[in-house]
Amino acid sequence: YRQSVSIIGGRSTNSHHAFACRLIRNTQQKQRFSATLSPKTSPFTKMRNEVRRRPIEYASIPCVAAFVGITTNWMGVKMLFYP
């Protein structure tokens, strides 16, 4: 550990040294984290895996949307002729 009193640009060289150490440590942590992830996972693969994990939830979305759409259209046509 280096004790320095000189001032460079309004900051002591100690703060520059500490900043450099933090930067290196953060970079190393990011590299370790990115190494645990598979580097070639595409967004489509992630999406497919998510749908495979919860198929009922994703299959219910178009079913509910179709039900709501048909119901509102039916009500709209009915209200045209019988206001």
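The side chains of E50 and R54 form a salt bridge, with N and O 2.3 Å apart. The model is predicted. The salt bridges in this protein come to three, and through shared partners they join E50, R53, R54 and E57 into one network.

**Overall fold and surface**

- The protein has three helices and two strands.
- Read from the N terminus, the order of the elements is β-β-α-α-α.
- The protein has 83 residues, and 2% of them count as buried.

**Salt bridges of E50**

- E50 pairs with R54 at an N to O distance of 2.3 Å.
- E50 also forms a salt bridge with R53, where the closest N and O atoms are 2.8 Å apart.
- E50 and R53 both belong to helix 2, which covers residues 43-53.
- The two residues E50 and R53 are three positions apart in that helix, so about one helical turn separates them.

**Salt bridge of R54 with E57**

- R54 has a salt bridge to E57 as well, and the N to O distance there is 3.4 Å.
- R54 therefore takes part in the network that salt bridges with shared partners build from E50, R53, R54 and E57, because a side-chain nitrogen of Arg within 4 Å of a carboxyl oxygen of Glu counts as a salt bridge.

**Exposure of the partners**

- E50 has a relative accessibility of 22% and counts as partly exposed; the cut-off for buried is under 20%.
- R53 is exposed, at 59% relative accessibility, given that exposed means over 50%.
- R54 is partly exposed, and its relative accessible area is 33%.
- E57 is partly exposed too, with a relative accessibility of 45%.

**Network in summary**

- E50 bridges to R53 at 2.8 Å and to R54 at 2.3 Å.
- R54 in turn bridges to E57 at 3.4 Å, and the salt bridges number three by the rule applied.

Methods
Residues numbered from 1 in each chain as written. Predicted model: local features only at pLDDT ≥ 70, side-chain atom pairs only at ≥ 80, totals over all residues. Heavy atoms only, no water. Helix = DSSP H or I, 4+ residues; strand = E, 2+ residues; numbered from the N terminus. Buried < 20%, exposed > 50% of the residue type's maximum accessible area, 1.4 Å probe, protein only.
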